[in-house]
Amino acid sequence: MRPTLWDGYVGVMALVLLVGQVPVQCCPAKCNCDNGRMLWCIKKTLSAIPSDIPPDTANLYLFHNAITSVQEGDFAQLPELQLLDLSHNKIAALPNFVFQPLGGLSNLDLSFNQVTEINNETFAGLQQLERLYLQKNQIQTIQPGAFEMLVKLVELKLQDNQLHSLPPLQLPTLLLLDLSRNSILATELRLIRAPEIESLRLAGLGLSELGEDLFSNMNTLQELDLSGNQLSSVTALRHLDQLTALNISGNNQISQLKTEDFKHFQNLQKLDISSLRLMTVPQEFFGLFPNLKFLAAAKNPYNCVCQLHWFIHWVRASHVLQSREETRCHFPPGNAGKPLHTLRYEDFGCPTTTTMPATTTTSLSSLSTTLQQHLPSHLVTHPAGMAFSLDGPTAKEVTPAPRQSSPKVQLCPSTECLNGGVCHLDRYRHHVCVCQPGFSGQRCETGDNKVDQQIHQKSAVNVTQITSTSFTLDLQPFKVSAMYLKGIRLTYKNKSGPDPRPVSLNIPTSLATYSVRGLQPNSTYQICVGVLGRTDSVNDPCATIQTRQMLRLAPLVQTKSNLLMVLGPTIAAVFLGIILVAAIFHYRRKQGLKQPGLGEDPPPYDMEGMKPCLQNEEIARCHSKESEGLALQSHMPLMPDSLSNNNTAPLKPCEL
């Protein structure tokens, strides 16, 4: 039976329908794709999720755009998606069930957006999710069941939001949790139930104390960040014997390190104790950490006297101290501002003592017998340093104690003690401060707040010198108060200039004066002196100064004698230049007579800039190198390493 025209038409229609069912692989406009199932739309000013994304895409990068919202159907055709990066956009809300079609998603980055709330259904369907990044948003509320479905979550980042409370975090597989720089209370932290957690970051929460039970269920914790809080001790950390990294920097209420609080951290490798109120460190402290490889201890008001001289030897022997140039002395004045590692033993004011060698013990039996025979008993004298018992057959020998020669007199400097304290030398020749009533501490730095406030209010801003571009401030009135122990905050602003913004400087109290330069002439400046680290500046003493006018020099009047003095050297220089040019021309002309004639050929490969490349081994060197392509500058934290080695051909863009 011969095929009819109708049969041909039916066959063509079936072929068209079949082709229509096959998905066409193409790349959305403004995006880059490859056959490795990756798609990038980076810094393309996109305002919405692009359409026509290949359905087999595994990694989708959409960061650094202007996407304002995501819709429920944006990801409906992407069942194989494993990584979704929507960071650095303008997304303000996440609809319920918006990610539900992405059952295989393992990495979701929503950081640096404007999200304000997380609902119970926001992450519904993401049972395979392992990493969730929500930092740098504006999240204020997280509903109690928001993370219940995330049973495989290993990393959760919520830092730099506006959270005041936490939902119950029952996350059995969680390894990393970052809650830094929120407003979460310490009582809310007890809701964390993560038995496998290894890294916990609680920086900048304003914590003043840590409950004993806060870390009771975190036996695997290895990294703990408590920086930027208001803690006064770390007693609650005693049982965390698995810690390898501890950061307590910026807790300016900690003034001493107790060895009993740290003696269990034998596995510690990284320790940050910078920006505390440490004036000294116990000599046995760093011996508690045999595996220490990193130490940050800068920006502490160290009192570099004899008790701290051991620290320098330890620093030079261990090679673990970071930021050495910022680890400086604040006291005494002779060492103020000097980096600790540059000091010598003599700089710490330690007394120099000389120990006399012990007298060798000898047998005194014959001497004792002779004395008994020739002298009455009441006239027997004991040599210095020896004692005898003449009652027995032999004398008892006693080894004399070593004697010390008188050390050199070490006078206390007048500025060693604060608040009127008097410096004395104890029996070990160490400096000891006897404080006035109402003050205490190693240097009498701690006093009654009422007394400090009275001194603070009486401290006057004394400007000793004013020029057209600078002024000099006397700092002596501020040294008598413990409030300024850590330093002085000097603030000045130009009240008559176009820019009234204040300028703040941090100044150590060890300086007697301080000069500020670079001011505008004939301008009015307000100068205020406050306590370093204190935010309240209402009661700070202030003063107003007027810089002097800029002196203008009178114009120089050119007389005949002045004119000759100016033109004389100029004319002489011109003549010397002419003579030099003529000499050079004459020399080149003589050399030109020695060159070959026009008919002679120059030797091969003797042209300027040319080198012979005829040797086989040097041929490769004569070829120019191919220019290297520009690498992608955007930061992609979730980009796999295999991406750079992908040589597959890119997909063609979708036709509009």
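Select Cys 306 and Cys 350: a disulfide (a pair of cysteine sulfur atoms within 2.5 Å) joins them, with an S to S distance of 2.1 Å. The torsion about this S-S bond is about 115°, so the disulfide is right-handed. Cys 306 lies in the loop between strand 18 and helix 3, and Cys 350 in the loop between strand 20 and helix 4 (365-374), so the pair ties together parts that are 44 residues apart in sequence. Helices (H or I, at least four residues) and strands (E, at least two) are DSSP runs, numbered from the N terminus. Both cysteines are buried; buried means under 20% relative accessible area, exposed over 50%, and partly exposed in between (1.4 Å probe, protein chains only).

The model is predicted: local features need pLDDT of at least 70, side-chain atom pairs count only at pLDDT 80 or more, and totals for chains, interfaces and linings use all residues. Residues are numbered from 1 along each chain as its sequence is written, and side-chain values use heavy atoms, with hydrogens and water left out.

Next, select Cys 304 and Cys 329, which a disulfide joins at 1.9 Å from S to S. Its S-S torsion is about -90°, so this disulfide is left-handed. Cys 304 is buried at 0% relative accessible area, and Cys 329 is buried at 2%.

Move on to Cys 528 and Cys 542, joined by a disulfide of 2.0 Å from S to S. Cys 528 lies in strand 30 (residues 524-531) and Cys 542 in strand 31 (residues 542-546), so the pair ties together parts 14 residues apart in sequence. Cys 528 is buried at 17%, whereas Cys 542 is partly exposed at 39%.
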